[in-house]
Amino acid sequence: MAKIEIEIDGKMVRAKPGEMLISVTDREGISVPRFCYHKKLSVAASCRMCLVDVEGAPKPQPACSTPISEGMKIHTQNEKSKSSQKAVMEFLLINHPLDCPICDQGGECELQDVAVEYGSDVSCFSEGKRIVADNDIGPLIQTDMTRCIHCTRCVRFGAEIAGIMEMGGTGRGDHLKIEPFLTEGVTSELSGNMIDVCPVGALTSKPFRYELRSWQMNSTSTIARHDLVGSNINAQTYKGNVKRVVSGDNDAVNETWISDRDRFSYEGLSHENRLLEPQIKIEGQWKEVGWHVALDYAVKGLTSNILNNHQSDQLGVMASKTSTVEEFYLLQKIAREIGSENIDYRLNIKNLDNTAKLESNIKLGGLEGVDHALIVGSNPRLEQPMINHRLRKASLNGTSVDVINSMKFDFNYQLNSENIIAPNQIASTLAGVLSSVLASVSIELPDYLQSIKVSKESASIAEKLNNSDNSVIVLGEHVVNAENSATIVNLIAQIAKHTNSTTLNLSTTANSLAAELTGFVPGSKGMNVNAMLESDLKAYILLDIYPEYDFHHADKAIDALNDKDNFVISLNGFKNDIVSEYSDVILPIAAFYETSGTHININGDMQSFAASVVAPGESKPAWKVFKVLADLLKLPGFNYVDSTQITEEVSHQAHNNHLHNENIDLSITSDNINIIWQQSPYSIDALLRHSGSLQQTKIGKLNFAYMNASVAKDLGVSADSKYLGVPVVITDAVADRCVFVNANKATQTGGES
Amino acid sequence: MNEVCFKNLDKKDSWSLAVYEASGGYSVWRKILRGELTPEQIIDELKASGLRGRGGAGFPTGLKWSFMPRNSAGQKYVVCNSDEGEPGTCKDRDILRYNPHAVIEGMAIGGFVMNATTGYNYIRGEFIEPFNRFEGALKEAYAAGLLGENISDSGVDFNLYAHLGAGAYVCGEETALLESIEGKKGQPRFKPPFPANVGLYGKPTTINNTESFASVADILSKGGKWFADLGVENSGGCKLFSVSGHVKNPANFEVSMGTPFKDLLEMAGGMRDGAKLKAVIPGGSSTPVLTADVAMAMTMDYDGIEKAGSMLGAGSVIVMDESTCMVETLTRLAHFYYDESCGQCTPCREGTGWLYRALKRITDGNGKDGDIELLLNVQDKIMGNTICALGDAAAMPVESFLRNFREEFEYYIEHGKSMVKG
């Protein structure tokens, strides 16, 4: 569109016609005060702070809602503008408590900042001030609504971004009160952003309450590692501790929002369960020792158990999905240098012969541009909140969304269809889709589709994909342990190929893309995790693993690791009894925020970060531990000074991928009850499980085995009993012949069944 | 007197379809359905009539209707504002009670002109009887085949619904009214965009007052010139005035524009108990108050009242005799706006509360030096800075009361009691 010229404070400025005045002044660096305006939210024009003088308009106009037009002349600094702005400022302050010294927002308060310039020293308001009673809106957000200036940013955030209007304005006039409509308060997975958008001290961080002033803290930008997005965040630190996390801006990644998981997980860093000293087990007794002793002990153990006997293939290494690129890379390098290719991170997969590869070939921003999405086996809102946010934006712009899931979830956007079927029926539904797609483009059906009957649902899903110019198929976590999971994945790949759809693979989370890139997978001569557990290996190096949460075959894993003939080196950030039981050496390592490293997100962005704080006690970043361990083992090529040298080396490595099952086998039609085992969203890694406030939220408390009445009857459980250690909920929201489990930290068992 | 909206007032069951039709009702609508009138002709006639919006703003109705993008694709709406909430006004209530079919016909004509196939009449929450009357009239009109789809095989569609409000004054502001119809909290929208472009459910919408709609059919049947000639220059037609306060017979009067105020006062039986006139609010509580002398010399039309220093508004004439304490009256008005502010924008939310509290303090006997300046200062800071006109409406009376009756305020502040009541 051709640009037009307007005059602001005597200066000619070019801008797009119809653009709001405030975005022009912001771009030009002209200061216009505002409270209700937020660049990512709809315009409210209600605070009236941004009133400016537009020539020809009898009244001052709000810059946030005045579209510009050719030849417009605007005065932002003249008497008319200033007197309106000062009038509004005075009105805002009359009922504001002005209790800045005891307000948590003090020092980072927009009202305070603007009042310095626009406020008066003396108030002529002598009536009583308004007091607003507070509701407890949950463990994450502290309210002090007497300070509220009714900008409604939090209300608009809920309605527009979180997709659920949990805060609203009740009452009118100066009885208008911003509050949640429901007694359960604010429960959204994105709720913490309300703290960031609140310009005053009405909504502040509850865990951070009365801790510090903003100016006392250092801020370091870093990357959140709980999901596939790698949200950009700022860790605010004081005397070596992370005290608060706020969102960072990156339009290609998280825009300006972050999930509550990314915002509040830092609390786990200071948990009393942190492992602070290296320990070795001598004759069954744990002894805290220095690093030299511990590493010597580790080297000796490896030497006597495998190296001296030329049994280097008896070493198994495993790592948590949340490890950094550098950690994955060094650990697999150690294993390969020693001579073992028994390397794996896919601890939660039931059958690793039944996995297939599906690449993600659409970027986060691209998701907003699709016109149709098919989601298979995912509850994206809780599992990948920031990706769900993009899908929601797309949906609001008219994108249709079909879902094939095994349970009805609370989507925060409209679905075109919601097909609730057990995992072992997903393959046949997708086969129907593929059959229908191939028929429509006159491609001969392969043998495996010959006997497939296309259901009405499959035909309609196929039609949507066929008619779409820009569709995406999203694969989630729920099918990874289905009996025919490889078939499901391969069918999706075929459907995508023939409908020109992009694919988005959310079936494994955190930093698992880094594991694939760095070759943290079994080599051609190596064993995968499940094979290792059955092979009585002589030595293990385990990075940040907590078997009762991480392994699908948890009992088998604990048994295998407990074998008294093996030597287990564990690197952990937190104490854990089971780890103590089977390990011979436990090395304390840095957690999130305490190490430098790199995360790879779904865009393929390699986002590196520095440590925000030093790890507590004697704990060290794992990459340094591996480097020293390698040196002590006299392995070549570990001559790193800092972690960026490792990152560079990784970037130059060829991909080193494990094998994938490319079969499509539709013959599996068992009538078994399908179990989908999911760690609750706030229990997926050790740091989250130690984050007190998150655990108290509604999402943190998710610990239920959902099933319908007939499945409960078959399994012999009832609503007041437990299944696999998880409390049972009887509901028709779950597909028949299916149990959907969300297990939180209260349930210490893997997904074995 | 009583020539347009109230022309059937003296007839039995004046609200019935039969009475309405007997007086020529629906003849214009039937002409339209027969294809004998074009939108352009209607707009020209309305422009010639000089009809100006009767809700208070006085915007020429013909011009307003011509703004609608009638040929654009998509749904358009026509909305009637019967949320008559201005203190002092009760004219629309009586139109709905005694002549509801005139509103229906006017809305249907508006729908035709603007190519809007759906209409809503938003009726004030407290108006249960008028609401039921209007609903009854709608039933009659549907039964007579005057509304619906493809009416009388004309190809013209018009469906009309009544919507009962929930008791908020601010919903009389047209965009708050639209929000309320949509089921949301009644809060005015910022403009632009204006409802003619983005209105009800985001579609082009025209909103007119009940009296405006009720005048349309007669204008079209008798001609724009006939209507214009009823009034004076720049104020065509006749107008309903709701005369209340210290008069013998408070009532609604439909009189020609330009009628002298003193004649109107006479129609209302003159001052009650022979008391002396002290002040008049000529157009509803938001318009500036006038002193007796000024009022008695004023004519009741847009220009006449403006010349006197106030506004015609909705034609709500509040008459006050000498027993009236202007400080307490203003306090009561300030309380009204404080109570009715929607609260979304800062100057109105905070300013109306400030004005009321300061005035309340004065009438409680706790006034202090500087209070008059404070009140003037606060009203000035509200004025022109708000999203909708409610802020201005709250500010204006403060200025005019203080300008015209300042000594009463000074007395109250100094003595802690009313100059009038003692």
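Mentor: Let us start with the two chains of this predicted model: chain B and chain A bury about 2,800 Å² between them, and 52% of that area is on carbon and sulfur atoms.

Trainee: Which residues of chain B lose the most area to chain A?

Mentor: They are F190(B), E350(B) and W354(B), which together account for 23% of what that side buries. Counted by contacts instead, 33 residues of chain B touch 35 residues of chain A, with heavy atoms within 4.5 Å.

Trainee: What makes the pair E90(A) and K381(B) a salt bridge?

Mentor: The cut-off is a Lys or Arg side-chain nitrogen within 4 Å of a carboxyl oxygen of Asp or Glu. The side chains of E90(A) and K381(B) meet at 2.2 Å, N to O, and because this value is within 4 Å, the pair is called a salt bridge. Across the interface of chain B and chain A the rule finds six salt bridges, and there are also 21 residue pairs in polar contact, both residues being at pLDDT 80 or more.

Trainee: Which elements of chain B give two or more residues to the side that touches chain A?

Mentor: Those elements are helix 14 (326-340), helix 15 (346-366) and helix 16 (371-382) of chain B, and helix 15 brings the largest share, ten residues. By kind, the residues of that side divide into 13 nonpolar, ten polar and ten charged.

Trainee: Why is C103(A) called buried, and why is C100(A) called partly exposed?

Mentor: Buried means under 20% relative accessible area, exposed means over 50%, and partly exposed lies in between. C103(A) has 6%, so it is buried, whereas C100(A) has 26%, so it is partly exposed.

Trainee: Why is G53(B) called buried, and where is it found?

Mentor: G53(B) has a relative accessible area of 12%, which is under 20%, and so it counts as buried. G53(B) is found in the loop between helix 3 (39-49) and helix 4 (61-66) of chain B. Leaving aside neighbours within four places in sequence, G53(B) is in contact with G58(B), F59(B), T61(B), S212(B) and Y302(B). The C-alpha atoms of G53(B) and N209(B) are separated by 6.6 Å, although these residues are 156 apart along the chain.

Trainee: What makes K129(A) partly exposed, and which backbone oxygens does its side chain reach?

Mentor: The relative accessible area of K129(A) is 35%, between 20% and 50%, and therefore K129(A) is partly exposed. K129(A) lies in the loop between helix 3 (110-118) and strand 6 (141-143) of chain A. The side chain of K129(A) reaches the backbone oxygen of L93(A) at 3.2 Å and that of H96(A) at 2.6 Å; since the cut-off for a polar contact is 3.5 Å, both distances are within it.

Terms used: Residues are numbered from 1 along each chain as its sequence is written. Chains are lettered from A and ligands numbered from 1 in the order in which they are written. This is a predicted model: local features need pLDDT of at least 70, side-chain atom pairs count only at pLDDT 80 or more; totals for chains, interfaces and linings use all residues. Side-chain values use heavy atoms; hydrogens and water are left out. Helices (H or I, at least four residues) and strands (E, at least two) are DSSP runs, numbered from the N terminus. Buried means under 20% relative accessible area, exposed over 50%, partly exposed in between (1.4 Å probe, protein chains only). Buried area is the accessible area (1.4 Å probe) that two parts lose on being put together, summed over both. A polar contact is a pair of N or O atoms within 3.5 Å; within protein, one must be able to donate a hydrogen and the other to accept it, and residues adjacent in sequence count only if both atoms are side-chain atoms. Ala, Val, Leu, Ile, Met, Phe, Trp, Tyr, Cys and Pro count as nonpolar, Asp, Glu, Lys and Arg as charged, and the others, Gly among them, as polar.
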